[in-house]
Amino acid sequence: MSSAPPQRQPEDGHTFARVIQFMINKAASGSIKELDGLCNIAQHWKPEQLLMLLPVFYHHLDPARIPDVVTSRDVRSIMLARYSLKGVLVTLNRVNNPRELTQALQTIADNLISNWHRCHLWVNFFYRHFFASSNPARLPGLLITRSEALKLVVNMLMRMSLIGDSQTPQSLINTPSLHSIISQLWCMAVTSKDNDFLTEADKVMGSKEQGAFQEHMSYVVQACLDVDHPSFVSTLIHVAGGIRAMASIVFKYIRNIRCLYRKKVVSGQSIDDTTSCHSVFGVPRWQTMLINCFGNCANLLFVTSQQNCALREAYIDRNLVAIVIYTLRDLCQLSLTLKHDDFAKHVKKAFEDALGYIALLMGGPVDDLVAVICQALRARFLPTILQAHTCIPGADTAECLNALLITALRSYLTFDKVLRIAGSELEADEKSLDAIAQRDTDLLQAWNLFKKDVRRFLDLRSQIPAASIFFDRQCAAVHNSDEWHPQWDLFQCARCTVARYCSRQCQNIDWDQGHRMACKYLKAAIGPNASRYIRRSLFLLAKIEDAEIQSHQEFISQLSVTARAEHPEFQDRLVLEIDPVAEGPTDKFKFKPVSNYLHIFPEASERPWKVADKWRQSTGLHSLCLPPVMRIHSGYEITDQPNLLFSPSTALRMAFKEHGLDAVVNDGASSVYYSGSSL
């Protein structure tokens, strides 16, 4: 019967220290074996113990040893650099949150920053020669595979992204030589169709979950994004293949997130809780990965939209607003089941970034803002924005942002298309949305004001005959106004872009019968941008204008007296400015001298206003002042020059008076125009 092998006696502290010091000396002298051994031993050390290994790990990363062409003489230097980077990564594995570091961990992080000028050159070398190269060097003793090179490069980039920022001279954003590499890896992670490569890349990242490689690169890209540093975005667009290609890649990025969500949640796929893919938050790894990727993508959209207006428009054309809202709604459902406080911070950050991107677009820097709003509403923006509130813990900026988005959306209800879509959404889910909005005071107040305006404007719209709402399907000539035409059979007046005609003869007739004078007023009523959405909302705007004045006649009369006292030199030349979505009469109405609104007409003089006032008097219509103007909001109204429209009610009556428009617009005498003396 054989005896059991003798057990190895544990070494005492002095013996172990002597062994480690011997290995350090040998590694510093160029022993690849001892350097690899130190990397393996250090994986189980405490941060305080790792400090003694930092000098030897950075010792062999001398940029002067980087060869242009790999030969047998360079094998030793390359292998020493490989294990040195491996050792650096071992020391950095404990640095997870740069804001909560012990003194030892801070020293480890500072060492990476101070030696980054050495490390990033070797990172570049390993990427070019062993990953991106179609013919990597194969020499005796050069034991570096493509997967190992990818692991070194991505993990070094990932660790630096956690430590360095734009204020740090040694950081990713301030290392232009790596921008192309980062862009290529990110595009590869999102667009690659090689499933074997992606599976291997996910394993190299230390995860069995699909999408780990994409998550790592999303963090690296986010670390390079800064509004004040546009160079990386330019490189990213160039590597992607241009503006449209970049928008397509981002679209696929978000689509990958949704596909992973549906694969894991909608299909009911089981999750192996025994794998090593768990998050430190006590929730499955794939759930944190979804949230992190979505937040990083939203931040990418936000920063790149600010830096490149062409890319911002390409995102909109690619329908990214809708897919962001769809994904946000999916993740709202996911996050409701996860109550861990640390994980909730990740959820909050991701949702704030997504809402920030939507808020950026609603702030008005896009070419076709109303189309963006309609795109968002059709993607169920209302229930999503309310439900996202319940997933964001803490009473701070995020909750206010939800209410601000509802308020901003309310400012677009004067557009007929937005009003119709919002009304249908409200009719479908009003009860459930009310229940969600009641959880916060600010959100409930904004939501109630939104519902109130939707109902009020829809009621006014219902009083307008269909023949007026769809006036762009009728010939504007009086003798032919009862005939309906397909829109493509009519051509519009080139000046005002409002009146449409079925023939040149009809246009000439209408020009002589009054369009000659009304043309510039119609143009002023749709604003300088000649938005098709304002043009199609003219009758709704006219109805709102009349209704606002009619319901506040007493207040307007008192305000007129006060304005005349404040501006005695403009007694008969005051203009009433109407803000239809303001909350109270004080904010809704303002009297100002006509000199404030001269820019509405091209000639920038008082003459168009006097002509319009004279026309009203000739038709037996009188009012307190010159024709009013309407304020049409553009986002949060932060511009110095708001979008002001000449009175739609006045312009429409001047253009279509022979059509019986007085009855069509307001079913009777208008509150702006009434017979008899002024109030």
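The legends below describe an overview and several close-up views of a predicted model of a protein chain.

**Figure 1. Overview of the predicted protein chain, with its 31 helices and six strands.** Of the 679 residues in the protein chain, 55% count as buried, and the chain exposes about 30700 Å², of which carbon and sulfur atoms supply 50%. Among the contacts with a separation of 6 or more, 73% are accounted for by residues 24 or more positions apart.

**Figure 2. Confidence along the protein chain, with views of residues 1-10 and residues 394-399.** The protein chain averages a pLDDT of 81, and 82% of the residues score at least 70. Over residues 1-10 the pLDDT is below 50, and this stretch has zero contacts in the model beyond near neighbours in sequence. Residues 394-399 also have a pLDDT below 50, although here the model shows eight contacts beyond near neighbours in sequence.

**Figure 3. Packing of helix α2 (residues 32-42) with helix α5 (residues 75-92).** The two helix axes come within 9 Å and cross at roughly 10°, an angle that makes α2 roughly parallel to α5. The crossing of α2 and α5 is left-handed. On the α2 side the contact involves Ile32, Leu35, Asp36, Cys39, Asn40 and Ala42, which meet Arg76, Met79, Leu80, Tyr83, Ser84, Lys86, Gly87 and Val90 of α5.

**Figure 4. Packing of helix α18 (residues 369-378) with helix α21 (residues 416-437).** The axes of α18 and α21 lie 10 Å apart and the helices pack at an angle of about 10°, so α18 and α21 are roughly parallel to each other. The crossing in which α18 passes α21 is left-handed. Helix α18 contributes Val370, Ile373, Cys374, Leu377 and Arg378 to the contact, while α21 contributes Lys417, Val418, Ile421, Ala422 and Glu425.

**Figure 5. Arg380, a residue with positive phi in the loop between α18 and α19 (381-390).** Arg380 is not a glycine, yet its phi is positive, at about 65°. With a relative accessibility of 26%, Arg380 counts as partly exposed, because this class lies between the limits of 20% for buried and 50% for exposed residues.

**Figure 6. Ala604, a residue with positive phi in the loop between β4 (589-593) and α29 (607-618).** The phi of Ala604 is near 50°, which is a positive value in a residue other than glycine. Ala604 has a relative accessibility of 43% and therefore counts as partly exposed.

Terms used: Residues numbered from 1 in each chain as written. Predicted model: local features only at pLDDT ≥ 70, side-chain atom pairs only at ≥ 80, totals over all residues. Heavy atoms only, no water. pLDDT = per-residue confidence, 0-100. Contact = heavy atoms within 4.5 Å. Helix = DSSP H or I, 4+ residues; strand = E, 2+ residues; numbered from the N terminus. Buried < 20%, exposed > 50% of the residue type's maximum accessible area, 1.4 Å probe, protein only. Areas by Shrake-Rupley, 256 points an atom, 1.4 Å probe, with all protein chains shown as cover. Axes fitted to C-alpha atoms, helices over the stretch in contact; angles between N-to-C directions. Parallel < 35°, antiparallel > 145°, perpendicular 65-115°, else oblique. Left-handed = near helix turned anticlockwise from the far one by under 90°.
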